Amino acid sequence: MRHIISILLENEAGALSRVAGLFSARAYNIETLTVAPTEDLSLSRLTIVTSGTDAVIEQITKQLNKLIDVIKVVDLSEAAHIERELMLIKVRATGKDREELKRLADIFRGHIIDVTESTYVIELTASGAKLDSFIQAIDSGLILETVRTGTCGIGRGERILKV
Amino acid sequence: MTMMTGAEIVIRCLQEEKVEYVFGYPGGAVLHIYDALFKQDQIKHVLVRHEQAAVHAADGLARSSNKVGVALVTSGPGATNAVTGIATAYMDSVPVVIISGQVPNDYIGQDAFQECDTVGITRPCVKHNFLVNDVHKLAVTLKKAFYIASSGRPGPVVVDIPKDVTAARCRFEYPGTIQMRSYNPVIKGHLGQIKKAVHLLLEAKRPMIYSGGGVILSDGAEPLTRLTRRLGFPITNTLMGLGAYPGTDSQFLGMPGMHGTVEANLAMQHCDVLLAVGARFDDRVIGNPDNFASLPRKVIHIDVDPSSISKRVRVDVPIVGNVPDVLEEMIRLLAAGNAHPDPEALADWWKQIEEWRGKQCLRYRHRKSVIMPQYVIEKLYEVTGGQAIVTSDVGQHQMWAAQYYKFEQPRRWLNSGGLGTMGVGLPYAMGAALQNPDRQVVCVTGEGSIQMCIQELSTAKQFRLPIKIINLNNRYLGMVRQWQEMFYGSRYSESYMDSLPDFVKLAEAYGHVGIRVERPEDVEGALRKAFVEHRDDLVFIDFITDQKANVFPMVAAGKGLADMILTEDL
């Protein structure tokens with residue numbers, strides 16, 4: 001099962017490598033990992049998308065909590081939450097493809113943020129699955145480059161992750 | 001407040017932590033610290049001959065007491081040599097603080113002489129580590145290091161200090177206590193869970209207590225013994241937990257696991273309620289977890305580390321907390337309710353256990369002309385009156401020491417159970433001997449293991465440590481040979497130890513007493529000579545033992561606990 005794990009950790013040198021190292025040392029899977037400081041600059045917020053059985057996810061949560069730099073761990077996917085990922089995708093845009101790609105970007109609520117005679121860069125923010133379907137929807141021969149941030153997420157309503 | 005250099009601050013912090021011994025080896029990056037060490041006489045420095053032994057000795061000191069061991073090494077090779085020692089302490093949750101020198105801040109990342117990424121290299125085998133890049137953070141970081149190493153589930157903490165930080169000056173202020181928002185180990189167990197556990201224990205028809213190294217580390221042996229006696233239940237102690245319950249008591253079933261007794265393993269397998277205390281159901285204890293789970297039983301698990309619970313075996317009643325506190329609470333609840341387990345069911349269960357015990361699985365055939373290794377341990381037990389601190393290396397001798405020396409008290413048996421590090425025996429004995437000058441310290445080893453830290457005979461001479469080394473010399477890497485005999489068609493690939501040194505001469509070359517024993521009738525005499533006549537000397541006794549002796553019982557890797565191979569010649 002896919003899980004989105006949110007972690008508050010000390011914004012210290014090496015804290016990220018402790019988390020990443022834990023996953024590789026214990027053979028846990030990382031699909032995506034994003035990290036940045038929060039409004040409190042002494043804290044970083046890290047989001048990991050992983051998958052595993054309930055027992056594995058329980059161990060991941062416990063092992064993360066054991067890291068000295070980790071302050072809080074929450075499995076966002078346990079309850080109502082929102083997830084988003086940003087993708088920049090550079091496509092070959094010539095001839096009739098230009099119109100088609102523009103239409104497709106509109107359908108997916110994307111923006112074209114760079115235009116040349118032969119290329120577009122499209123910016124898209126959505127769930128990871130939605131980004132996958134956008135990639136599916138366009139002719140793979142037109143894709144020149146994709147770059148994705150990985151998933152970040154937040155609980156809905158009063159569900160708040162704070163120190 | 002006076003201004004102090006970083007090096008002086010390091011030493012002051014160690015003094016504040018009441019550190020008596022530091023095991024270390026000097027080098028470029030720690031020269032300032034060694035200079036500060038030279039100018040005081042409160043902390044004694046023990047100069048080892050290899051940094052691996054510095055950490056092992058600090059670890060041995062910690063295991064034999066409830067103190068934090070301290071090692072001091074230089075940057076680069078000093079730190080990398082220490083890694084085996086750090087990983088060994090980590091696997092067995094031993095509180096050790098390792099201070100390593102680092103190249104100056106502005107050299108870091110330049111591939112400087114004797115530079116390595118110590119924090120990076122040690123990250124997976126420490127409880128936590130620090131790189132202190134500012135002298136103002138030095139005292140508080142060392143305070144944190146001692147606090148983290150010794151609280152919760154203990155473990156090693158590395159503090160890496162660049163050379164310029166040890167030269168820089170600042171005011172010294174040592175915090176009395178430390179608060180960390182990201183680290184708050186659970187102490188008190190949940191009362192509701194403890195009540196549930198007590199209820200389950202009282203309902204049990206076939207109860208079993210299984211305790212591990214956590215009981216020793218938390219000084220929980222005394223309440224564990226009281227609880228076990230109060231309940232009248234059978235108990236087993238793991239390799240790391242030996243001594244938590246008196247080894248000669250009738251309720252003690254011996255050690256469980258790969259080389260555990262028949263009665264301990266079958267009671268683990270067939271019990272209906274299992275109380276696991278400070279133990280982690282590792283592969284050498286329960287064998288195959290699927291096989292273990294194939295019989296229904298309720299499991300209660302007390303551990304200070306939540307991640308140990310339900311890791312390999314599903315637990316019905318988890319109790320996260322400090323072991324002695326939880327056990328005291330259980331005893332209190334039993335006393336308050338004047339509750340007792342079902343006597344009839346317990347009597348039937350004991351009848352079954354006595355039947356298993358009747359197999360006398362630790363019997364072995366004595367030979368007239370050859371020394372049996374088990375016999376040496378039995379005689380060692382007699383001659384030391386069961387009162388020695390026994391350290392071991394890793395292999396057959398380790399298992400025989402665990403099986404045949406009956407430990408009555410905690411912190412008397414020091415060995416590398418988790419990482420299984422050959423070479424720990426002698427440095428462990430050094431740490432234990434310094435910490436316990438009034439107690440006899442014995443290192444049970446083999447001719448393979450002892451050579452992995454043999455250079456420490458020199459350290460032992462310098463500090464006049466009267467360790468007794470029991471070398472069970474069968475000219476084989478015995479445990480490797482045993483597996484090759486059983487599982488590789490007796491193809492003894494690289495397990496024969498050729499060109500061995502003359503250990504008697506070697507001991508003498510280092511200034512110690514060496515004795516060689518080749519006949520069974522000389523075993524006891526040699527031991528008495530070592531422990532009485534040479535009481536104050538380090539004595540290396542080289543016992544030439546049976547080459548074919550194997551450790552039994554044995555549960556082969558990946559098999560279930562009930563699937564034991566018993567000694568073949570009985």
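Me: Over how many bridges do β12(B) and β13(B) pair?
Reply: Happy to start there, in a predicted model where local features need pLDDT of at least 70, side-chain atom pairs count only at pLDDT 80 or more, and totals for chains, interfaces and linings use all residues. Residues are numbered from 1 along each chain as its sequence is written, with chains lettered from A and ligands numbered from 1 in the order in which they are written. Strands (E, at least two residues) and helices (H or I, at least four) are DSSP runs numbered from the N terminus, and two strands pair if DSSP finds at least two bridges between them. Strand β12 (residues 298-303) of chain B runs parallel to β13(B), and the number of bridges is 4.

Me: Which residue is the bridge partner of B:Ile302 in β13(B)?
Reply: β13 of chain B covers 317-320. The partner there of B:Ile302 is B:Ile319.

Me: Why is one side of β10 and of β13 in chain B left without a neighbour in the sheet?
Reply: The open, parallel sheet has the order β10-β9-β11-β12-β13 (chain B). One side of β10 (235-237) and of β13 lacks a neighbour because each has a single partner strand, standing at the sheet's edges.

Me: Which element gives the largest share of the side of chain A that touches chain B?
Reply: Counting contacts as C-beta atoms, placed from the backbone, within 7 Å, 16 residues of chain A meet 12 of chain B. Elements giving two or more residues to chain A's side are α1 (15-25), α2 (54-66) and β4 (70-75). The largest share, 5 residues, is from α2(A).

Definitions and conventions. Contact = placed C-beta atoms within 7 Å.
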